[in-house]
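Here are my notes on the model, as numbered points. Please read them with the structure open beside you.

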Amino acid sequence: MRNFDVIIIGAGAAGMMCGAVAGAQGRSVLLIDSAISAGEKIRISGGGRCNFTNLHCGPHNFISKNKHFCKSALAGYTPADFIDLVKSYKIKFHEKEKGQLFCDESANQIIGMLRSECKNAGNQFKFETEVLDIKKDGDGFIVTTSKASWRCKKLVVATGGPSIPKMGATGYGYKVAAQFGLNIIEPVPALVPLSFTDGFKADLKELAGTSLDVQVKHGKTIFEDALLFTHRGISGPAILQISTYWQAGDEISIDLVAGTDILARLKQARTESPKQSPAVFLSQFMPRNLADFLVKDIAQKRLADINDKTLNRLSENINHWQLKPAGSEGFRTAEVTRGGVDTKELSSKTFEARSVPGLYFIGEVVDVTGHLGGHNFQWAWASGYACGYACGITL
Ligand SMILES: Cc1cc2nc3c(=O)[nH]c(=O)nc-3n(C[C@H](O)[C@H](O)[C@H](O)COP(=O)(O)OP(=O)(O)OC[C@H]3O[C@@H](n4cnc5c(N)ncnc54)[C@H](O)[C@@H]3O)c2cc1C
């Protein structure tokens with residue numbers, strides 16, 4: 001049976017980074033993946049352009065039962081480190097907005113870069129290979145697959161989360177964690193479109209295609225981002241962001257004018273331009289068709305004719321639109337998974353399981369979930385780097 005220093009299950013974002021770093025330190029590394037090639041999620045990410053990091057990425061962009069867990073890895077491998085790597089491969093990129101960096105051309109360039117890093121570090125890949133069994137064997141592991149069995153000193157689980165199962169995503173990493181008695185924080189879909197009742201969808205149908213920047217709130221969490229009205233209700237980055245915090249039965253609140261005190265502005269306008277129609281006034285702050293929609297029952301009036309009670313009601317609907325989503329679209333369309341291997345089981349410096357020496361978990365399979373905007377890849381690079389480095393320096 002062939003021996004490797006390190007076997008990594010999952011040749012995705014975190015797995016390839018880990019393999020390249022461990023291999024560069026002279027370790028023999030095998031990456032096993034059930035898919036036909038490496039980094040399938042990278043390929044489809046960012047609309048095919050891969051939002052590969054975020055200039056402002058920091059611990060505040062992550063959710064985990066232990067909010068401190070991500071700090072060490074994020075500090076050890078920063079967006080600037082990944083940008084240097086991207087630049088060294090002459091991959092052109094741009095900042096779209098809010099620090100989000102995308103390839104100018106194609107996400108395939110990021111996959112090509114990581115594959116080259118792995119190749120230069122002497123990593124081997126086995127694709128279309130199912131892991132059938134993992135056994136502890138002395139101070140190492142025996143990994144039995146559909147192709148062969150291999151032995152390793154260190155076993156890294158980098159299988160990601162179960163989002164987008166039609167791409168072959170699985171919850172396999174949780175199975176390995178459970179086999180070795182590690183706790184798992186319940187995995188739930190995150191960065192996922194929320195769904196709404198048929199009545200809600202019918203009411204908003206005429207607004208489909210309209211978009212604007214809003215503030216969306218869930219408890220104390222607030223995101224300012226774009227909201228899009230669609231034939232399925234509402235969507236867009238603002239809704240994806242808040243979905244990570246939302247739980248079934250919760251309400252969310254939307255401020256359609258992102259922090260402007262619209263009641264004060266309406267009252268001021270009623271004094272200063274009393275003949276103005278409410279829709280014309282509101283269209284300074286939002287698309288005209290949305291303004292028309294919101295003032296349907298007072299459309300014929302002038303601001304001077306609208307009493308305080310009506311202005312209060314209108315302002316409440318604009319600044320504090322309360323919604324109760326019916327559900328989410330689930331793992332079928334979720335970008336990531338919230339929850340996963342409990343961080344209290346792992347070292348935040350090496351990602352080694354505290355109770356199983358030689359066993360590591362990195363990337364999305366761990367209970368660390370990033371906001372939308374390149375943070376999830378930064379987590380994959382940072383956790384992969386920390387683990388690869390740790391596997392490289394000790395055997
Ligand atoms: C549509 C979409 C768009 C996204 N866009 C972005 C973006 O632009 N920016 C961003 O930061 N994040 C984005 N993400 C999230 C990002 O893709 C993930 O957070 C990231 O890929 C996680 O890296 P990972 O290495 O942990 O897992 P993955 O990259 O998912 O890699 C896991 C690997 O494990 C393999 N695997 C799974 N089960 C097994 C098994 N049983 N045996 C062997 N191999 C297995 C898989 O085939 C895969 O290759 C997007 C996600 C989706 C779904």
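Predicted model: local features only at pLDDT ≥ 70, side-chain atom pairs only at ≥ 80, totals over all residues.

1. A backbone N or O atom of phenylalanine 377 lies 2.8 Å from an oxygen atom of the ligand. That is a polar contact, meaning a pair of N or O atoms within 3.5 Å; within protein, one must be able to donate a hydrogen and the other to accept it, and residues adjacent in sequence count only if both atoms are side-chain atoms. An oxygen atom of the ligand is also 3.4 Å from a polar backbone atom of asparagine 376. At asparagine 51, a polar backbone atom is 2.9 Å from a nitrogen atom of the ligand.

2. Residues are numbered from 1 along each chain as its sequence is written, and side-chain values use heavy atoms, with hydrogens and water left out.

3. The shell around the ligand holds 29 residues, and the closest are Ala14, Asp33, Thr170, Glu364 and Phe377. By type, the shell divides into 12 nonpolar, 13 polar and 4 charged residues. Here Ala, Val, Leu, Ile, Met, Phe, Trp, Tyr, Cys and Pro count as nonpolar, Asp, Glu, Lys and Arg as charged, and the others, Gly among them, as polar.

4. Which helix gives the most to this shell? Helix 13 does, with 4 residues. Helices (H or I, at least four residues) and strands (E, at least two) are DSSP runs, numbered from the N terminus. The protein chain has 13 helices and 21 strands.

5. The expected span is 1.5 Å times one less than the number of residues. Buried means under 20% relative accessible area, exposed over 50%, and partly exposed in between (1.4 Å probe, protein chains only).

6. Serine 383 is part of helix 13. With a relative accessible area of 0%, serine 383 is buried. A polar atom of its side chain lies 3.4 Å from the backbone oxygen of alanine 380.

7. Helix 12 (residues 308-319) has 12 residues and reaches 16 Å from its first C-alpha to its last, close to the 16 Å expected. Its buried residues are Thr310, Leu311, Leu314, Ser315, Ile318 and Asn319.

8. Two residues call for a check of their backbone angles. Most residues other than glycine have a negative phi. Leucine 191 has a positive phi of about 45 degrees although it is not a glycine. Leucine 191 sits in the loop between strand 11 (184-190) and strand 12 (194-195), and at 1% relative accessibility it counts as buried. Alanine 258, in the loop between strand 16 (252-255) and helix 9 (262-272), has a positive phi near 40 degrees.

9. Threonine 53 is in strand 3 (residues 51-54). Threonine 53 is buried, with a relative accessible area of 0%. Its C-alpha is separated by 11 Å from that of alanine 382, 329 residues apart along the chain.

10. Asparagine 289, in helix 11 (residues 288-294), is partly exposed at 34% relative accessibility.

11. As for the whole chain, buried residues make up 55% of its 395 residues. The C-alpha trace spans about 85 × 40 × 35 Å along its principal axes.

How values were computed:
Near = heavy atom within 4 Å.
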